[in-house]
Amino acid sequence: MAEIALQIDIAAPRAVVLAALDSHDGLTGWWTTEVDRDGDVLLLDFPDVPEPFRLRRERADRERVVWTNVGTFPPHWAGTWISWDLADQPGASDRTRLLLRHGGWQPGSEDGVPLVAGTWAELLVRLKDHAQSGKVQPYFVKPPQHAP
C-alpha cells in the first residue's frame with residue numbers, strides 16, 4: 001500500500017508548529033482560508049471543490065498530530081490517515097523536525113498519490129514559513145462568495 005512520507009526542519013519550537021497544525025489561525029495561515037470544525041472533525045474547504053474535506057482529529061499533542069479522513073470527498077482519500085510527528089531537531093530544542101505521513105490509500109487510488117505528494121511538499125514549505133515568520137500565506141485561497 002502506498003504511503004507519502006516527507007520530512008522538514010523548522011526553525012520554530014514544537015508548540016508553534018503544533019499550533020499551526022491544530023488551531024484555526026494556524027491552519028488558515030498556511031493551508032486554506034476556509035477552515036471550520038464540527039467537534040473533532042476539521043472541515044477544510046478549497047476552491048472549486050463540491051464539499052469540504054473532513055478530517056477527524058485523533059490526536060494532537062507535542063509529539064504527534066493524527067487525522068483520519070471521514071468524508072466522502074475527495075474519493076481517492078477514502079480511508080486515508082495523515083500523521084505529523086514532531087521532534088526537537090538534534091541539539092536544538094527550539095527547532096522542530098516534522099515528519100508528515102499520509103497513508104491508508106485503498107487499492108485503485110494509488111494513481112493520485114504522486115499529485116497529492118507534490119501538493120504536500122508545497123504545503124510543507126508554506127507551513128515552515130508560517131511557523132518561522134508568522135506570515136499568513138495560505139496555499140489555497142477560496143474567493144469570497146457574492147450574493148446574487
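The model I am working from is predicted.

Next I checked what D40 pairs with. D40 forms a salt bridge with R57, and the closest N and O atoms are 2.7 Å apart. I then placed both residues: D40 sits in the loop between β2 (34-38) and β3 (41-45) and R57 in strand β4, so this pair ties together parts that are 17 residues apart in sequence.

I turned to R57 itself. Its relative accessible area is 24%, and I noted R57 as partly exposed. The side chain of R57 also meets that of D22 in a salt bridge, at 3.0 Å from N to O. D22 belongs to helix α1 (residues 14-22), while R57 is in strand β4 (residues 53-60), so the contact ties together parts 35 residues apart in sequence.

I also looked up R56 and E58. These two form a salt bridge, with 2.6 Å between the closest N and O atoms. E58 is partly exposed at a relative accessible area of 41%, and R56 is partly exposed at 35%.

Which residues do shared partners join into one network? I list D22, R37, D40 and R57, joined through salt bridges that share partners.

Last, I noted the total: the structure holds 12 salt bridges. Among them are D22 with R57, D40 with R57 and E58 with R56.

Key:
Residues numbered from 1 in each chain as written. Predicted model: local features only at pLDDT ≥ 70, side-chain atom pairs only at ≥ 80, totals over all residues. Heavy atoms only, no water. Salt bridge = Lys/Arg side-chain N within 4 Å of Asp/Glu carboxyl O. Helix = DSSP H or I, 4+ residues; strand = E, 2+ residues; numbered from the N terminus. Buried < 20%, exposed > 50% of the residue type's maximum accessible area, 1.4 Å probe, protein only.
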